[in-house]
Amino acid sequence: MAQLRPFSFLAVALVVSSCAVGPDFRVPEAPAAKTYTSAALPAETETAPGKAGAAQRFISGEDIPSQWWTLFHSPALDQLIKQALKDSPTLEAAQAALRQSQEELRARTGSALFPSIDAQGIVTRQKISGAAFGQPNTRFSPFTLYNASVNVTYTLDVFGGARRELEGLRAQVEYEKFQLEAAHLALTANIVTTAVLDASLRAQIQATRDIEKAQAEQLSMVERQFQVGAAARTDVLLQQAKLAQTRASLPPLEKALAQNRHQLAVLAGRLPADAALLPEFDLTAFDLPQQLPVSLPSSLARRRPDIRAAESVLHAASAQVGVATANMYPHITLTGGYGSTAETTGTLFSAGSAVWNLGAGLTQPLFHGGELAAKKRAAVAAYDAAAAAYRQSVLQAFQNVADVLRALELDAQALKSQADAETAARDSLETAREQYKLGAASHLAILLAEDQYEAAKIGLVQAEALRFADTAALFQSLGGGWWNEAKEDTAAKMNKE
C-alpha cells in the first residue's frame, strides 16, 4: 500500500487541478435603456437647399457597413482612407502590440500547461581530496567527467493559478484587438472630418474672396460718386475699412487650411510636405447619407471598441484575483532526470553509467508578513476600479450617441435657418446697392447689409460642413461596423467568383 501513496497523491492533485480559485468572469449586462435620448427622434430631419440639406431618416436597429465612409460617395475620400489604412504608423503600432500580446500568450501557454524538458551536457575537470573520505593522506589524480542527461520539470496547476494567468493574457490579447479596432475607427473618422473641414475652409475662403470682390466693386463705385460730389469722403473711408476688414479675415482661414492639410497628410501616414499631393475636397462632392442606421442600445456595448477594450481590462483584472488567490495555496512541482556519467565520451550510456532522479516538491506559504493577503486585496481593488471604468465607458458611449443624434436633428434645423438667412441677407444687400445707386439709401445701409451677408454666407458653409461632420460622428459613436468586415469580405469574394 505504501507504494501506491505517491500515485494516490498525484491522482488527488490532478482532480483538484480541474478547479480554479478566484471569480469566474461574466460579461457585464448591457444597460436596460431602450432609447438614447429622452425625447423621441423625428421621423426625418428638416430639409434645406443643396446636397447638404437633404432630409435624413433614423432607422433603429439597422446595421452599419464596415466601410461606412463610402456612404458619402467620394472616390477621393475612399482612396485616401484606403491608402491611410496601409501607411498609418498608429495602426502599425496597434498591430504590433496585438502581435506582442499574442506571442506572450503562446509563450506562457507552453510553460504553464506542459512540462519543461531540457537536454544537458556537462564536462568537468576535477581533483578531489582524500579528506572527503576520511583519508587526508590519500592523493587522487585529476580526472575528467562527462555527463549527458535529460531533465523534466512540471508544476501542477492544482489551484488554477496558471490557468487564471493564461485567462488574463487572453484578455490582454482581446484588449489589444479592440485597441486596434478603436485606432482603425478613430483614423477613418478623423480623416473624414478633416476632409470635410478641408472642404469647409476652401468654401469659406472662396466665399470671402467673392465678398471681397463685390466690396472692391462697391468701393470703386463710391469713389466715382465721391469724385463727382455724389458721396461723402466718409463713405469712401468706411467702404475702404470694410474691404480691409474682409481681406484681413483671409489669412486666418488660409492658415487654418494649411494646418488642416498638414494634419490630413499625417493622418494618411505622410509628411506635411506631401500635403500638396493629397486631393482637395469640395463640399458639393460629398453626398449626405440619408438613411442613418442607429444600433439598438442593447447592442452598443458589444459594438463600441472602447467598451470592449474596457471589458477586456475588467476580465484581466478578474483573472488576477484568481492568480493572487492561488498564490496563497500550496505549489507542487514534479521533477525527473535521466542521463549518463562517464570518464570518457565513448563510455557514455554504457552499462553502469546511467544516473536518474525523481522528485516531488510541495511549497506551502506559511508566513509572508501579510504580503499574499494584501496582494489579493489589491487585486480585488484593481477589479473594482476596472469595473467602475467599464461602467464609465458605457455611460460615455451612450452620451456620445445621444449627443450626436440630437446634434444631427438640430444641425438640419440650423442649416435650414442659415440658408434662409443667407438668402434674405443676399436679397437685402442687392436691394441696398440698387437703392444706393438711385440715391434712396445711405452708404451706411450698404455696410450693414454687407456685414449681414458676409456672416450669413460663412455661417451657411459652416452649417453645411457640420452636417457632414456630425454624420461621420454618428457612425463613429456607434462603433463603425467593424463586426461586419469579415462577412462583407466573404460576400465580396463570392461575388467575384
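The legends below describe close-up views of a predicted model. Residues are numbered from 1 along each chain as its sequence is written, and side-chain values use heavy atoms, with hydrogens and water left out. Because this is a predicted model, local features need pLDDT of at least 70 and side-chain atom pairs count only at pLDDT 80 or more, while totals for chains, interfaces and linings use all residues.

**View A. Ile-117 in strand β2.** Ile-117 belongs to strand β2, residues 116-126, where strands (E, at least two residues) and helices (H or I, at least four) are DSSP runs numbered from the N terminus. With a relative accessible area of 57%, Ile-117 is exposed; the word exposed means over 50%, buried means under 20%, and partly exposed lies in between, for a 1.4 Å probe and protein chains only. Leaving aside residues up to four places away in sequence, Ile-117 touches Val-150, Asn-151 and Val-152, a contact being heavy atoms within 4.5 Å.

**View B. Helices α4 and α8.** The axes of helix α4 (residues 161-227) and helix α8 (residues 305-326) come within 8 Å and cross at roughly 165°, which makes α4 roughly antiparallel to α8. Axes are lines fitted to C-alpha atoms, for helices over the stretch in contact, and angles run from 0 to 180 degrees between N-to-C directions; angles under 35 degrees count as roughly parallel, over 145 as roughly antiparallel, 65 to 115 as roughly perpendicular and the rest as oblique.

View C. A salt bridge is a side-chain nitrogen of Lys or Arg within 4 Å of a carboxyl oxygen of Asp or Glu, and the structure holds 24 of them. In one, Glu-165 pairs with Arg-108, with the closest N and O atoms 3.1 Å apart; this pair links distant parts of the chain, as Glu-165 lies in helix α4 and Arg-108 in helix α3 (residues 89-113), 57 residues apart. In another, Arg-209 pairs with Glu-254 and the closest N and O atoms are 2.9 Å apart, joining helix α4 to helix α6 (residues 250-267) across 45 residues of sequence. Arg-209 is partly exposed at 38% relative accessibility, and Glu-254 is partly exposed at 33%.

View D. Glu-311 forms a salt bridge with Arg-308, the closest N and O atoms being 3.8 Å apart. Because they are three residues apart in helix α8, Glu-311 and Arg-308 are separated by about one helical turn, and both residues are buried.
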